[in-house]
Amino acid sequence: MMSRNDPCWCGSGQKWKKCCYPRPPTSGPLLAARYLKTYGIVLKTPAQIEKIRRACQVTAHILDALCKAAQAGVTTLELDELSQKLHREAGAIPAPLGYGSPPYPKTICTSLNEVICHGIPDQRPLQEGDICNIDVSCIVDGHFGDASRMVTIGAISEEKRRVVDVSLQCLERSIAVCKPGAFIWEIGEAIENYARQHRCSVVNQFVGHGVGLAFHEPPEVPHHYNNLQIPMAPGMTFTIEPMINAGVREGELDAKDGWTVRTKDGKPSAQWEHTILITETGHEVLTR
Ligand code: MF3
Ligand code: CO
């Protein structure tokens with residue numbers, strides 16, 4: 001049991017009773033400075049939030065159009081071409097293109113069936129029975145939005161239906177816990193509890209992330225059980241993007257392309273993602 005005279009868990013060096021007791025302050029001028037110093041997290045200003053909100057709206061709009069276009073017979077490369085056009089028309093830059101090492105070669109990720117994440121669009125047409133995650137991250141006026149959804153093609157197996165539905169429920173249940181003072185670990189708790197109850201596993205090799213002024217910012221947002229004692233605070237913007245597997249949680253990186261991650265047992269995987277803003281009273285889903 002922690003005593004009120006112990007050093008505060010937030011790393012300030014002050015006594016707990018003089019600092020975050022019983023819960024940390026959820027607003028005030030010192031909060032942004034403390035979050036930057038303690039966690040490297042930038043709490044966004046109202047002006048920054050406006051721009052991030054705009055980037056997220058564009059992201060959601062592009063994702064909408066791509067999901068509508070994802071039909072049997074359409075290749076994921078054609079979806080990428082449409083994505084290029086939609087980004088151009090919206091005055092947006094696709095964040096994945098050229099990102100990382102080796103440089104990511106396309107504007108979106110299209111992760112089919114047993115692919116956990118970072119699938120690269122190619123010549124393969126979508127076919128009956130497929131499930132596919134489409135992940136859009138775009139930059140508008142220097143600010144970032146990030147979201148992804150699943151599409152299903154025709155009739156799909158019971159196992160695929162389960163991961164698609166469970167991953168969406170995991171996302172929604174974890175969004176529901178987001179408010180000032182809630183801890184980052186509560187997200188993973190909500191996700192892994194629900195996934196386990198429905199005979200699914202939670203990928204722990206990839207995490208959600210702060211987003212807005214850069215593609216990936218602190219904090220990391222694990223989807224699995226964890227003990228990250230970071231309290232959410234107004235002005236935080238981050239993604240939640242649970243990757244849920246029908247079989248084992250482990251993934252394997254494709255050694256040839258350096259990006260595609262597949263489940264180790266070849267069983268299906270699904271993912272949904274939103275960018276979330278913590279507000280004074282709760283949260284706002286910026287990519288709805
Ligand atoms: N939502 C994914 C992420 O945050 C998007 C990956 S794009 C890639 O990592 F370029 F990194 F593949
Ligand atoms: Co992301």
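Strand 4 (131–140) and strand 5 (143–152) each supply at least two residues of the shell around ligand 1. Strands here (E, at least two residues) and helices (H or I, at least four) are DSSP runs, numbered from the N terminus. This is a predicted model: local features need pLDDT of at least 70, side-chain atom pairs count only at pLDDT 80 or more, and totals for chains, interfaces and linings use all residues. Residues are numbered from 1 along each chain as its sequence is written, while chains are lettered from A and ligands numbered from 1 in the order in which they are written.

**Exercise 1.** Work out which residues come nearest to ligand 1.

- Start with the cut-off: a residue is near a molecule or strand if its C-beta atom, placed from the backbone, lies within 6 Å of it.
- Of the 13 residues around ligand 1, the nearest are Pro96, Tyr99, Tyr104, His118 and Asp135.
- Now sort the shell by class: it has 4 nonpolar, 5 polar and 4 charged residues. Ala, Val, Leu, Ile, Met, Phe, Trp, Tyr, Cys and Pro count as nonpolar, Asp, Glu, Lys and Arg as charged, and the others, Gly among them, as polar.

**Exercise 2.** Find how helix 4 (residues 158–176) and helix 5 (residues 185–197) run relative to each other.

- Their axes come within 8 Å and cross at roughly 150°. Axes are lines fitted to C-alpha atoms, for helices over the stretch in contact, and angles run from 0 to 180 degrees between N-to-C directions.
- So helix 4 is roughly antiparallel to helix 5 (the word applies to angles over 145 degrees).
- For the contact, look at Val166, Gln169, Cys170, Arg173 and Ser174 in helix 4, which meet Ile187, Ala190, Ile191, Tyr194 and Ala195 in helix 5 (contact: C-beta atoms, placed from the backbone, within 7 Å).
- These contact residues divide into 7 nonpolar, 2 polar and 1 charged.

Definitions and conventions: Parallel < 35°, antiparallel > 145°, perpendicular 65-115°, else oblique. Contact = placed C-beta atoms within 7 Å.
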